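Welcome! Take a moment to look it over before reading on.

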Amino acid sequence: MPFPIPKGRIIALNSPMSSHPIRKATAANIAPVTFRSVQDYPDPDALIPDAFGWILAAGQPYFDWLCGSREAAERTVAMWMKQPSSEVFLQRMTFLQCGSQLAGGIIGLGGVELKRARISDVNSYWKTLDVNSRGSLIGRLSQSLHAFASVAEDEYYISKVGLARSFQGRGLAKVLVQQCLDQGTALGYSKFRADIQTENKPSLRCSRLMGFEIFYTGQSLDGALRYHALRYERKTK
C-alpha cells in the first residue's frame, strides 16, 4: 500500500550504478584512486559489510527518524540494499578504491527512477510493520511533507556520498561528488540536486564550493529534520 514519501534525502560527506566508463582521479595526500562498479568484483555480496556503513551514515538522521530507532534503521537499510527496486540497492553503487582498500562510494539516479525507488522502499518497509508501527510511520511521513523540495524528472539526484572513516579529511569528498556529476552528465543530465542536513557544515561547504546553491530549506513538523535543498546546473557546450 503506497503512502506519501519525503521528496528528498540526505547527502552526507562524512561517512554508488555505473554503466559508463569509470575514470581515475587523485586527491591531496593519497595515492591515485579508482572508481569501480559492483560488476568489477568477483563476489559483490562481500561488499555489503563495507558499503552498509557508508550508506547508513549518509542517510542520517533521516533513516533513524523514518524507522523510529537506529536498530530498526539498520535492519531496514540492510534489507533495501538487497532489493533491486531500492534507492540504495547494492548494484546502484559505484565504489572508490584506494589501492586494495574500499575508501567509499556514491549513488546517483535520475528524478523518475528516484521517485519509483522511494515508493518501493516505503512499501517494502511497510510490509515489515505491525498495525501500531504502521500508524506511527504514517504519522512521521505526514510530518515530513515540507522538509524536502521535490526532485524534477530532468534532474540527477546525488543520493548517497560516503567515505570510510579512515579516508576522511583527505580531499576525497570533492572527488566523489565530481564523479557523481560526471555520471549524471554521461547519462544526459545537466541539472543536479542534493539535500543536506542544515548542521552538516562540511558537506555544505564542499557542495557550495563546487557550484551548488541552496534554494529551499525545510523542516519536519516535529523539528527533528531540517534540510537544505541544493541545485547545480552544468552549462552545455
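The notes below go from the whole protein to one strand and its neighbours.

This is a predicted model, in which local features need pLDDT of at least 70 and side-chain atom pairs count only at pLDDT 80 or more, while totals for chains, interfaces and linings use all residues. Residues are numbered from 1 along each chain as its sequence is written, and side-chain values use heavy atoms, with hydrogens and water left out.

**The whole protein**
- The protein has seven helices and eight strands; helices (H or I, at least four residues) and strands (E, at least two) are DSSP runs, numbered from the N terminus.
- Of the 237 residues, 53% are buried, meaning under 20% relative accessible area with a 1.4 Å probe, counting protein chains only.

**Strand β3 and its cover**
- Strand β3 spans residues 94–98, and five of its five residues are buried.
- Thr94, Leu96 and Cys98 lie on one side of β3, with Phe95 and Gln97 on the other, and both faces are covered.

**The neighbours of β3**
- Strand β2 (residues 33–37) runs antiparallel to β3, joined by five bridges; two strands pair if DSSP finds at least two bridges between them.
- Across from Phe95 in β3 stands Arg36.
- Strand β4 (residues 101–110) is also antiparallel to β3, again with five bridges.
- Leu96 has Gly104 in β4 as its bridge partner.

**The turn**
- Two residues separate β3 from β4 in a hairpin, and Gly99 in the turn has a positive phi of about 65 degrees.

Definitions and conventions
Buried means under 20% relative accessible area, exposed over 50%, partly exposed in between (1.4 Å probe, protein chains only).
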